[in-house]
Amino acid sequence: MIYAKDKSVELLFIYCLSIYNSNLSIYLSIYLSIYLSIYLSIYLSIIYLSIDRSAITHEELKNAEKGEDDNTSSQTSSEQSVGEAEFEEVELRPVTAKPDWVAPDIRWAVPPNALTVTHVNQTHDLVLMQKTMSVGDAASQSSEEWLQNHNLQVSQLTLKDLLDKGKLTWPKAETSIGTASYQIQFDSYDLNEFEYQLNKAIECYTHRIKWLLQGSRKVFGLVKGKRVIVVIDCSNINTSYGRLETLQDFLMHLIDEQLSKKSALYFTAFGTTAEPLWPVLRDVNVRIINEAKDWVNHLHPRGGSNVLQLVRQIAKVEGADSIVLILGTEPDQSSNILIEYIEQIYIGNEIPVHSVAYDCSNQQTNIFLKNISEMTGGRYHCYASTCEEPIYSSTDISLLLKEVQAAQETISKIQDMRQGMMGNALVSIMDEIASEVQQLPPSKLLPCPPGHDSPLNIDKPKCHPQSSNEWIKQHGLKAKQLDLYQVLAPNAYSYREDYVPVIGKAVQSQVHQRAMVQFQWYDGSTKNVHVDMAKLFNYQKQLGAAVNLYEQRIEWLSTGSRRIFGTISGKNVIFLVDISIYNINYLIHIQHSLRRLMEQQLANKAYFNIICFGNNALAWSPIMKKPTKENLQEAWRWILTWQCKGSRNFLSALRLAVQNEEEIKHGIHPDNLYIFTSGVPDQAEDICVSFIEESCVGLGTQVHTSLFNVEDYDKNGAIPGRYASITKTAECLRNMAHCTGGRFHWFRETGIIESDDIQCIVLEIEKALDFSKKSSILTKTVKNKYQMKQNPNDSKLFLALPPPTPERRAVSCVPAMLDDSSQASEKIKFGKNRKILLTKIGEKTFKPSSPVHKKKFSIKNKMTSKEAQMITSSFFLEEKGAIGSVIKRFPTPKPMKKSFKLMALTGIEDYVSTKEWLLRFSLNKLKLNLDKFVSGPACKHDETCVKILHKPITARYCSIFPSINVKGTIRHLQLLPPELKEYSEEIKQVLQHYLKRLQWLLSGSRRVFGTIIHQNCTFLIDTSGSMNPYLDELKKEIVSLIWEQLYANKINFNFIAFSDSCKKWQPTIQTMSEEKCHESVEWISNLVASGNTCTLEALETAFLDDSLEAIYLLTDGKPDTSTALVLEHVLEMNESHHIPITTISFNCSDSVANNFLKRLARETAGRYHKCHGHFNIQMFIHKLLTEGFKDTNYPHLPEFEGDDLLRLIKEIKLARIFLSQSIAYR
């Protein structure tokens, strides 16, 4: 205190000096000096008094306190006066010792409100903190342990706690009944708060159930204990075909997720006999875990299910605190005998048995396992692969469901209270204002746009609008003759190769280098194109005008009511509008959207009707009516009376629309149905789609869906009858529209998200831009060729396509070609005359590079004189000294009999693409193309016009050869039956080779990811919200990929998970090692699906790695951004890197998304792969091998979309056709 006063005086002095130095007026100085003197006098007097009072010692203070005790028997007035004197005296004494703390009395204290911000040292917060610390680790607790701190009773959320919040009033007599009724008063805030806490508790229990249904906990439950014995049923039934591999995968996940965190483990498998992995419990370390995994991988069927012997064996194991019994079949012994024996064995042993019914349909086995768990104090878990219901009978989940049911019953009691009754007690809520508000329609509380209730301002459209598909047929690139291939077709020539009998060899087309340009056609072939620069320039100008027109169309589709519903096409239309309780906050938006629709697009229709649906469907009119102004105004007034209630009973509204008997009698049916909703129907998707197809396709009615304001599930709002995420909702409505050829439209308040109308125009714009780029490439190529004209040394012929390698034709029906030496000698013999003849006919021939007479050839060793004999006829030309020659007979070559000997068929499991694999093992490479064997010149039935006879002459002696039709041409079959039989046997071997390759491609991780053929790879994994149902399956497939392909082939790798943002496993690609594999598996197991799909950001992140060689992109849908934008940016980034991107479609049925992935792979020289379902390839191959390869149509080949599988299936189909043809030829 003294320090504070000294400080204030010092500051005052400084202030006065500053004033004096600043030459202020003298009056102000006098005033401050007077004030300073007064302040100093007061300050000195206070110091004097404090020093005087401090002279009282501590002993005097004690004597004064004793004096108080002696005077307690005095009179009241004197006590009061003495007490006041003592109080005044003590108040002036200095406090030299801190008094003892006296705890306040809090017995009647009211705990603070939950919304009050309190300090952490307060008692209420300390109690909450202590309670939170006592909860423990929830991940290691069973549901029984977890509920000890989270049940409704501990949380004070039972019905008794609710009644304690009410206030019981005096009973009132009921004259009609003759009894007294009690009235309970509740505060509305208490009821709302109690209901809110119950909903939070239900949400907490639901999260706990979802957590128990993830990973290995779904199959085996939560494994307790530190020293665990794991018992696995390996009987013949439980490890039958298909079950053993699945069980091994599940056990691998159990070891990685739960058992690896234990302190000691003991594994044993039993069948007819029990075989343990180790004789005793082993402490957990990396080596023990690897041994356990290796042991699991080598599990095999062991006969029956001898549980009795198993119990005897594990009873001898010491030091365990938990037993996990995994049983999938009925035990060999009776359940009663086993229970009695187990009870006797485990008397005194407090070891709980965690029993797991693994995919067992025998109810007796499930009851037996449940009894064992209850008897030993353990828990019971049930798993079924085909049904989700049995898992809810598990101990951990059933306890949580009981709490959820109790909470829901309490909430129903609160609802009854709001209605006024709960049992025989009347309930009244004090908040009268809230009750009055509840009586009003919810739409009255929503903000309305200006003039919402006013009559419609109808504007009749000038023309009937068309859908974009119909509009494109009139204004598309093909309709306007602006397709690039249409423009180039008149001046495009295909490469040709044909056999010329005169010269005895195949001749291919040639083109001058400066005259034409090679251009890849839409069917994959290469054509020689003559480019007209002026025409091409004009074509690009027309493309620019077309793109401007398409952009105007998109802008028109994004305005007015078309932004919400798209274009309303057809003459007879019916609108099905969703007014369920889930749209209660958007009712004004729905009404306003319909208002704009009726004003802008309905006036030119023939008939219309509107049906709203919640729990029930209600139509504005029993039949469709004409859209007159009176009818439209009446319909609008009816729309204003809507109230949101119930769920989405879509099928009732659809029946009301398509099964109208009055309209059927008059032959009127709707052309188009427009569904306006914000969620999935109450009925299942397959049921809705089937009903739509049956009722609408036959009538030619199209169903269009419009998805409005889809938000994720609101936990505080109404719970829908069928919940689906945003992506699944859009997929369901998209399928409902596309099954009838309709359109899907998705928008929200921020704008259009997806529209089939706009997508159709965007595809046409992308096609136009692609044509423009190709035109620019053609123009640039032609310019370069014209620049080369200045260099005369480039004047030479070039082939339109690279010439094929010359080889001997080895078919018995085709004469063998002369070898190179004989042909060379013929050229020498007749080269001079030919040169003279050609020179006279045309001067634009080229001279041989070297003189012919300098080389000498001998053909004596090559053919006999008879064979080499050649008849010629010479004649003189008009020019002097010019001689011509005509060859009348060629030497007859020796025919060769075909010997079908295959090269060694290997490489089934080669990690290469199918394209590279078929370069070695295709039918053409193996020389087994049957069409080539029957298409030689000797097999052709020829017909030639003879000028001397002036009539066509056909080939003779055709009757001795069988005739066949090969691609529309009559051929004479000269293959012998033994040759055809030998060919059939060889083609069967090739088919078996192909089928084994197909089987290998569809097994293991290759089913999802295909073959990994690069050395340094980055895998982009889509973890958006739409991947949530498949994430557990995907994690298993990624683990299989790591060990089966990456580790086995020593491939360096990295993972990037992307949703709203990108998450890297490692900064760069990691060198393959076993340790890195374990780290990546652990990282993959922690992935969570949520958010959107940022594909472009993931690709950009991957391209930052300099050691990257290839990218593997796995996703289940389109990116959030434009697909065209993604393609453009990827091509820019990849321009210098040339990184192939292999795209993998995972459980994606969206054709637009799959087309995007195909194009991304094609433009980056990658591959496209689609993950198919669990196709039973074993059964397919078995049918082919047992039933033979005679029928080309049965058994049907599966339909695949991936590049690798598609190429192999195409080759298999061709081989089956050749096989059936060879059998028919025989």
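A cavity is here a set of grid points where a 1.4 Å probe fits but cannot get out, and its volume is the space filled by probe spheres set on those points. The structure examined is a predicted model. By this criterion, the second largest cavity has a volume of about 80 Å³. Its lining consists of 10 residues, among which V311, I314, L325, I342 and V353 lie nearest the centre. Two elements, α12 (307–314) and β9 (322–327), each contribute at least two residues to this lining. The largest share, 3 residues, is supplied by α12. In terms of residue class, the lining of the second largest cavity comprises 10 nonpolar residues, with no polar and no charged ones.

The search of the whole structure returned 9 cavities of 30 Å³ or more. The class composition of the lining of the largest cavity is 5 nonpolar, 6 polar and 2 charged residues. For the second largest cavity, by contrast, the lining holds no polar and no charged residues.

Among the sheets, an open one of 3 strands was examined. Its strand order is β14-β19-β18, and the pairing is antiparallel. Strands β14 (492–494) and β18 (517–520) form the edges, each pairing on one side only. From one strand to the next, the twist averages 40°. Strands β18 and β19 (residues 526–529) run antiparallel and are joined by 4 bridges. Within this pair, F519 is placed opposite K527 of β19. In general, strands of a sheet pair through backbone hydrogen bonds, either parallel or antiparallel.

Confidence was considered for the chain as a whole and for two segments. The average pLDDT over the chain is 75, and 68% of the residues score at least 70. Over residues 1–25, pLDDT stays under 50, and the model has 14 contacts beyond four places in sequence for this segment. Where pLDDT is low, predicted coordinates should not be read in detail.

Notes. Residues are numbered from 1 along each chain as its sequence is written. This is a predicted model: local features need pLDDT of at least 70, side-chain atom pairs count only at pLDDT 80 or more; totals for chains, interfaces and linings use all residues. Side-chain values use heavy atoms; hydrogens and water are left out. On a 1 Å grid over the protein atoms alone, a cavity is a set of points where a 1.4 Å probe fits but cannot get out, and a pocket is an open set with protein on both sides within 12 Å along at least five of seven lines; lining residues have an atom within 4 Å of a point. Ala, Val, Leu, Ile, Met, Phe, Trp, Tyr, Cys and Pro count as nonpolar, Asp, Glu, Lys and Arg as charged, and the others, Gly among them, as polar. Two strands pair if DSSP finds at least two bridges between them. Axes are lines fitted to C-alpha atoms, for helices over the stretch in contact, and angles run from 0 to 180 degrees between N-to-C directions. pLDDT is the predictor's confidence in each residue, from 0 to 100. Contact means heavy atoms within 4.5 Å.
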